[in-house]
Amino acid sequence: MPMWFQALLWGTVAGGALVLGSALSWKWQIPPKIVSSVMSFGAGVLISALAFDLVGEAADGGGLWPTAAGFLGGALIYVAANALLARRGAKHRKRSGGKQPTEQAKPGSGTAIAVGALLDGIPESVVLGLGLVTGGAVSPAMLAAVFISNVPEGLSSTAGMKKSGRSAGYVFGVWGGIALMSGLASLIGYATLQNAPAELVAFITATAAGAILAMLADTMIPEAFEEHHNLTGLIAAVGFLAAYTISQAGA
């Protein structure tokens, strides 16, 4: 299978988890505590992948300073873009409760939510393509982390979209479009950087990692703690351990 096709395929598969989560949430009313718990698990998975499969490998391959600069830059870019989208109605795009505004209450919020969801998903997909550049194959741990974390993202956000009165066409159009864009982002990450210097690859990888961590803190973790219960921290720890185990098994 050609490498470029692998990048497109795995990026689309990982993005397709958003559609899966969305379909589950649209079909059934998932109890808030379950949504919160699944989001906690997904947050733990992504934190582990950041620590062991992105930042560590970027520093090993391209050095500390390109990694540090990229990581901080990615976080700054995400926070700035997220703040702009929040003012336009996308602040609670991953919340499953009734916090998402309707289009009537906040005109343009539907577009802002769609753009925000795309902003959340693209960095994760880019690093899948970069895995083909640095390792010759998509990292099983990173693929699993993105897929596992995307299911609760789609589940939680769709629950909020449904409560705010968004149509099925809008909801599945958003997530289906993002799944396709995720595949393209993975392909672009591979195609544009396959012959790039190690320092540049490290910088781009760390940029995506910084954006992902900022996304976790701004959007996923608040939803994970929406329904407070004693097992939230434990579930996040189990997610972290699951991703770490996958990473070590594939090493």
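Predicted model: local features only at pLDDT ≥ 70, side-chain atom pairs only at ≥ 80, totals over all residues.
The secondary structure comes to 8 helices and 0 strands, so that, because helices and strands are taken as DSSP runs numbered from the N terminus, I can simply refer to the elements by number. Read from the N terminus on, the order is α-α-α-α-α-α-α-α. Of the 251 residues in the protein, 47% count as buried. If we take the contacts between residues at least 6 apart in sequence, 85% of them join residues at least 24 apart.

Let me turn to helix 8, which covers residues 232-249. Helix 8 has 18 residues and reaches 26 Å from its first C-alpha to its last, which is close to the 26 Å expected at 1.5 Å a residue. Where do its buried residues, Thr-232, Ile-235, Gly-239, Ala-243 and Ser-247, sit around the axis? They cover an arc of only 120°, and therefore they lie on the same side of helix 8. The face turned away from that buried side carries the exposed residues Leu-234, Leu-241 and Ala-249. As for what covers the buried residues of helix 8, the cover includes helix 2 (32-62), helix 5 (140-163) and helix 7 (198-224).

Ser-48 is placed in helix 2, and it counts as buried because its relative accessible area is 1%, where the cut-off is under 20%. Leaving out residues up to four places away in sequence, Ser-48 touches Asp-53, Phe-240, Ala-243 and Tyr-244; Ala-243, as I said, is one of the buried residues of helix 8.

Next comes the largest pocket, which holds about 470 Å³ of space. Which residues lie nearest its centre? Of the 27 residues that line the largest pocket, these are Asp-53, Glu-57, Gly-131, Thr-134 and Ser-139. The lining draws at least two residues from each of helix 2, helix 4, helix 5, helix 7 and helix 8, and by type it divides into 16 nonpolar, 9 polar and 2 charged residues. Asp-53, then, is both a contact of Ser-48 and one of the residues nearest the centre of the largest pocket.

Ser-139, also among those nearest the centre, lies in the loop between helix 4 and helix 5. With a relative accessible area of 22%, Ser-139 is partly exposed. Although Ser-139 and Ser-247 are 108 residues apart in sequence, their C-alpha atoms are 8.2 Å apart in space, and Ser-247 is one of the buried residues of helix 8.

I will finish with two further buried positions. Ser-125 is found in helix 4, residues 109-135, and at 3% relative accessibility it counts as buried. Beyond its neighbours up to four places away in sequence, Ser-125 touches Ser-182, Ala-185 and Ser-186.

Thr-158 is found in helix 5, and its relative accessibility is 0%, so Thr-158 counts as buried as well. With neighbours within four places in sequence set aside, Thr-158 is in contact with Ser-22, Ser-25, Trp-26, Val-171 and Trp-175.

Technical notes. Residues numbered from 1 in each chain as written. Heavy atoms only, no water. Helix = DSSP H or I, 4+ residues; strand = E, 2+ residues; numbered from the N terminus. Buried < 20%, exposed > 50% of the residue type's maximum accessible area, 1.4 Å probe, protein only. Contact = heavy atoms within 4.5 Å. Expected span 1.5 Å × (residues − 1). Arc of directions from axis to C-beta. 1 Å grid on protein atoms, 1.4 Å probe; cavity = no way out; pocket = protein on both sides within 12 Å on 5 of 7 lines; lining within 4 Å. Points joined across faces, edges and corners; volume = space filled by probe spheres on them. Nonpolar A, V, L, I, M, F, W, Y, C, P; charged D, E, K, R; others polar.
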